[in-house]
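Please keep the structure in view while going through the points.

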Amino acid sequence: MHIPLIDLQAQYRSLKPRIDAAALRVLESGRYVLGPEVAAFESEFAAYCGTRHAVGLNSGTSALHLALLACGVGPGDEVITVPFTFVATVAAIEYTGARPVLVDVDPGTLNMDSSRVAAAITERTKAIVPVHLHGRLADVELSTGIAREHGLVVVEDAAQAHGAEHRGRKAGSFGAAGCFSFYPGKNLGAAGEGGAVVTDDDGLAARVRLLRDWGAEHKYHHVLRGYNYRLEELQAAILRVKLAEMERWTEARRTLARRYRDLLAGTDVRLPAHAAGRTHVYHVFSIRHPERDSLAAALARQGVGTGIHYPLPVHLQPGYAGLGYGAGDFPIAEQAAAEVLSLPLYPELRVDQLETVAQAVERACEAAPARSPAPAG
Ligand SMILES: *Cc1c(COP(=O)(O)O)cnc(C)c1O
């Protein structure tokens, strides 16, 4: 039996008649980019996030880029974010011409350690970009508090955290803007690329709308230097079908995560930390183990797919050597990168499959020390 890390075919099969109908409706409509499906999805997604606006875009990366631009971030500015994230967070900051300034993560939550932010602020700092890693809400209240104090904006990277809540407010609604990805494997995924910026700020939403479509106020009248970051009708129509399932899917992810916690409690894997009051939507269920690579290999031999989110922090990526950081600069991120391992978790995962995974982890843990007696590192 093979249990994959994620099973997008199972998701499609569970909604096939509705997804097929939505796709055919678009194909027959003759409207393929920024039409009625995008508009409807935008209002439904804004309602889901509890924000006044959602602007549909062609990726989460575009969402980060345009949210930062719309907040006035540009050359000469500094933007504070974390090294333990998908590379797009840092790349989008560089796209604006600003310089990414990294701060290490909290050893428990692996999200931005807000207590390190104040020391990273200079007179050039313009924005803070917390990342809700793995689906767990970052400490947005502290970062918005610091931001207010220093006159900065917070742009949330909520690409992994659709629906994560704190005190009744959803990811994306805490900062000046929230950025989402609808890459297929995300908790809300298109049949291709997609993204969105959500915000309560009318002006910011209007600027993102202009920037995504060549800065054109009317066709061929360009009031800003913009981009082609438009969302397709096909993706919006499919996203609308899936958005209606999000409450149920998130609940399913949480139920499965609780089951993993129960079953793995006796093993020597470190389970994802609980952060008081902050909900986790389990984009991935990421455990930690000092012998991560042998654990992953043992699971693979037992037919269990795993993933690593992420094996190298951004500051150690060869392509980002130009940031000016090196090994040892962010020890908590570096250790996390060496230890994290994501187990299969998606709403369609059956409990018997989850139990098989948990048993495989248990067996692998028992065998791991015998196979690799050398200390980690
Ligand atoms: C997926 C992701 C992005 C980028 O989204 P794309 O839609 O792939 O461009 C940005 N940040 C994080 C944390 C992500 O997981």
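**Notes on the ligand site, the cores and one asparagine**

1. The model is predicted, so local features need pLDDT of at least 70 and side-chain atom pairs pLDDT 80 or more, while totals for chains, interfaces and linings use all residues. Residues are numbered from 1 along each chain as its sequence is written, and side-chain values use heavy atoms, without hydrogens and water.

2. Oxygen atoms of the ligand lie 2.5 Å from a polar side-chain atom of Thr61 and 2.6 Å from a side-chain N or O atom of Ser181. A ligand nitrogen is 2.7 Å from a side-chain N or O atom of Asp157. Alone, the ligand exposes 380 Å², of which the protein buries 93% (Shrake-Rupley method, 1.4 Å probe).

3. The largest nonpolar core has 34 residues. Such a core is a set of buried Ala, Val, Leu, Ile, Met, Phe, Trp, Tyr and Cys residues joined through side-chain atoms within 4.5 Å, where buried means under 20% relative accessible area (1.4 Å probe, protein chains only). Phe41, Phe45, Phe180, Phe182, Leu188 and Leu243 touch the most other members. Domain 1 (8-243) and domain 2 (246-367) each give at least three residues to this core; the bounds come from an automatic or database domain assignment.

4. Is asparagine 111 buried or exposed? Asparagine 111 is buried, at 2% relative accessible area. A polar atom of its side chain lies 2.9 Å from the backbone nitrogen of leucine 133.

Conventions
Buried < 20%, exposed > 50% of the residue type's maximum accessible area, 1.4 Å probe, protein only. Polar contact = N/O pair within 3.5 Å; in protein donor to acceptor, adjacent residues only side chain to side chain.
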